[in-house]
Amino acid sequence: MTARHTTLTHRQVTDVVCDLIATQEHVDRAELKPTSHLHNDINMDSLGIIELGMAIEDRLGVAIAEEAADKLETVEDVINEVMAAMAE
């Protein structure tokens, strides 16, 4: 892990995750909510989730485990997984 994420709050992680999703999936950032479903609301496919994981790792220095990535359904799931990875 790197030191660049050690002081991030839940709000900051939320902002980073939502910014990455909005940019990657070409959706309006203002319309993203924690309850937004990755597949149904954002139309993110499995490759998109893998790409999001790589972008999070590049930006925050934390990796989302592959088995965890398979279970991500909402924006909040992604945020929670990042927060958990940062706590390790």
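The structure is a predicted model, in which local features need pLDDT of at least 70, side-chain atom pairs count only at pLDDT 80 or more, and totals for chains, interfaces and linings use all residues. Residues are numbered from 1 along each chain as its sequence is written, and side-chain values use heavy atoms, with hydrogens and water left out.

The protein chain holds 4 helices and 0 strands. Its elements run α-α-α-α from the N terminus on. Here, helices (H or I, at least four residues) and strands (E, at least two) are DSSP runs, numbered from the N terminus.

Overall dimensions come next. The C-alpha trace of the protein chain spans about 35 × 25 × 20 Å along its principal axes. The radius of gyration is 12 Å, which agrees with the value near 12 Å that a compact globule of 88 residues would have. This radius is taken over C-alpha atoms, and the globule rule is 2.2 Å times the number of residues to the power 0.38.

Of the 88 residues in the protein chain, 41% are buried. Buried means under 20% relative accessible area, exposed means over 50%, and partly exposed lies in between (1.4 Å probe, protein chains only). The protein chain exposes about 5,200 Å², and carbon and sulfur atoms supply 50% of that area. Accessible areas come from the Shrake-Rupley method with a 1.4 Å probe; for residues, only the protein chains shown count as cover.

Contacts were also computed (heavy atoms within 4.5 Å). Among contacts with a separation of 6 or more, 59% join residues 24 or more positions apart. S36 gives a local example. This residue lies in the loop between α1 and α2. S36 is buried, because its relative accessible area is 8%. Not counting residues up to four places away in sequence, S36 touches E31, D41, I42, E73, T74 and V75.

Charge was examined next. The protein chain has 6 positive and 18 negative side chains. Lys and Arg count as positive and Asp and Glu as negative, while His and the chain ends are not counted. The centres of the two sets lie 8 Å apart. Each charge is placed at NZ of Lys, CZ of Arg, CG of Asp or CD of Glu.

Side chains of opposite charge can pair when their charged atoms come close. The structure holds 3 salt bridges. A salt bridge is a side-chain nitrogen of Lys or Arg within 4 Å of a carboxyl oxygen of Asp or Glu. R11 and D15 form one, at 2.8 Å from N to O. These two residues are 4 apart in helix α1 (residues 10–25), so about one helical turn separates them. D15 is partly exposed, with a relative accessible area of 29%.

D15 also meets R29 in a salt bridge, at 3.1 Å from N to O. R29 is partly exposed, at 27% relative accessible area.

R29 forms a salt bridge with D19 too, the closest N and O atoms being 3.0 Å apart. D19 lies in helix α1 and R29 in the loop between α1 and α2, so the pair ties together parts that are 10 residues apart in sequence. D19 is partly exposed, at 34% relative accessibility. Together, R11, D15, D19 and R29 are linked in a network of salt bridges.
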